[in-house]
Amino acid sequence: MNNLELKKKANKIRQGIIASTHAAKAGHPGGSLSSADMLAYLYFEEMRIDPSNPKDENRDRLVLSKGHIAPALYATLALRGYFPEEDLLTLRHLGSHLQGHPCIAHTPGIDMSTGSLGQGISAGVGMALSFKMDKKDNRVYVICGDGEIQEGQVWEAAMFAGHRNLDNLVVVVDNNNLQIDGTIEEVCSPYPIDKKFEAFNFNVITINAHNFDEIREALLKARQMKGKPTCIIMKSIKGKGVSFMENKASWHGTAPNDEQYELAMKELKEEEERLCQ
C-alpha cells in the first residue's frame, strides 16, 4: 500500500474516532488521533492478520497498553473488516461490544484486555517470550503512551525483554508530550526516553509519527534487528488532524459536543477530498 492509500486509511480512522467519541459523549480523542497513522500502517501493511479468522494462532499480536485510546483501535479494526463500521456509534453504550477500554472477551481483533496503565507491555513481553519458546515467528507490537511510561511496571517489563533478547517485540511509544494533567515534563518527566530503553538493551528508533516513510523504515529495521527488542519513539501531535484539538491536553479525555463534532468532521472530510484529488 502506498503512502497516499495509507493517508486515506488514517483519515478514515480519525473520522471513526470523532464519530464514536461524539456518539458516546465520552472517550479519549486526543491520543487516539495521534496514534492513527501508526495503527493504519500496522493493520494495513505490517501485521500478519486475517479479519476473517481473528483467532488464527499464526497471527501477529497487538497490545494497546494505553488502552484508553480504544476509539483509535476500534476504528482501525472496523475499517480493516473485523466488524461493521456502524458499530463504532455504539461505543460505551450499554450492551455494546465496544467498551471504554479493549476487552478480549467481546471484540473481534482484540488480543489483550488493557486499561490499567503499565500492564499491557508486560502482557506483550509474555506473548513474545512464549512465541520464542515455541519457536514461532509471530511478532508482537505494544503501543504505550509517553505518560504511561511513568509507571514502574513498564521498566520491569523492558528489563526482562532486553535480558531475554526478544527481537520479535516492538514497543511503540506515542510521544505526544501531553497527558491528562499537562505536559509529561511537568507531571513526571520520563526523558530521555531513548536512553532509558537503550539501557535495557533495546534497539531504539525515533521517528515522526505522521510520516509513513519513517514509519515504514522503522518497522523494517525492527524486523531486521536480531538479538534485541525494538522501541520506536514516535514524535506525535496529540489531536492530530483536527486543528482545534491539536497539542491541547484538554482533549485527552473530552468528547466533542455537537458543534465540535461538525467542525472536526468538516476538516477531516475536506482532507479526505484533498487526498482523493
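**α1 and α2**

I started with helix α1 (residues 3-24) and α2, whose axes come within 9 Å and cross at roughly 140°. That makes α1 oblique to α2, since angles under 35 degrees count as roughly parallel, over 145 as roughly antiparallel, 65 to 115 as roughly perpendicular and the rest as oblique. I took axes as lines fitted to C-alpha atoms, for helices over the stretch in contact, with angles from 0 to 180 degrees between N-to-C directions. Helices are DSSP runs of H or I with at least four residues, numbered from the N terminus. The model is predicted: local features need pLDDT of at least 70, side-chain atom pairs count only at pLDDT 80 or more, and totals for chains, interfaces and linings use all residues. Residues are numbered from 1 along each chain as its sequence is written, and side-chain values use heavy atoms, without hydrogens and water.

I noted a right-handed crossing for α1 and α2 (near helix turned clockwise from the far one by less than a right angle; anticlockwise is left-handed). Contact means heavy atoms within 4.5 Å. On the α1 side I listed Leu6, Lys9, Ala10, Ile13, Arg14, Ile17, Ile18 and Thr21; they meet Pro29, Ser32, Leu33, Ala36, Asp37, Ala40, Tyr41 and Phe44 in α2. By class I have 11 nonpolar, two polar and three charged residues.

**Glycine 16**

I then looked up glycine 16, which sits in α1. Glycine 16 is buried, at a relative accessible area of 8% (buried is under 20%, exposed over 50%, partly exposed in between, with a 1.4 Å probe and protein chains only). Beyond four places in sequence, glycine 16 touches Ala75 and Leu88.

**α4 and α5**

Next I checked helix α4 (residues 119-133) against helix α5 (residues 152-163): the angle is about 15° and the axes are 8 Å apart. That makes α4 roughly parallel to α5. The crossing is left-handed. I found Gln119, Ile121, Ser122, Val125 and Leu129 of α4 in contact with α5 through Gln153, Val154, Ala157, Phe160 and Ala161.

**Cores**

Which residues have the most contacts inside the largest nonpolar core? I read off Met38, Leu42, Tyr43, Leu62 and Leu219, in a core of 54 residues. A nonpolar core is a set of buried Ala, Val, Leu, Ile, Met, Phe, Trp, Tyr and Cys residues joined through side-chain atoms within 4.5 Å. Its largest share, nine residues, comes from helix α2 (residues 29-46). A second, separate core of 25 residues includes Trp155, Phe197, Phe202 and Ile233.

Definitions and conventions. Helix = DSSP H or I, 4+ residues; strand = E, 2+ residues; numbered from the N terminus. Nonpolar A, V, L, I, M, F, W, Y, C, P; charged D, E, K, R; others polar.
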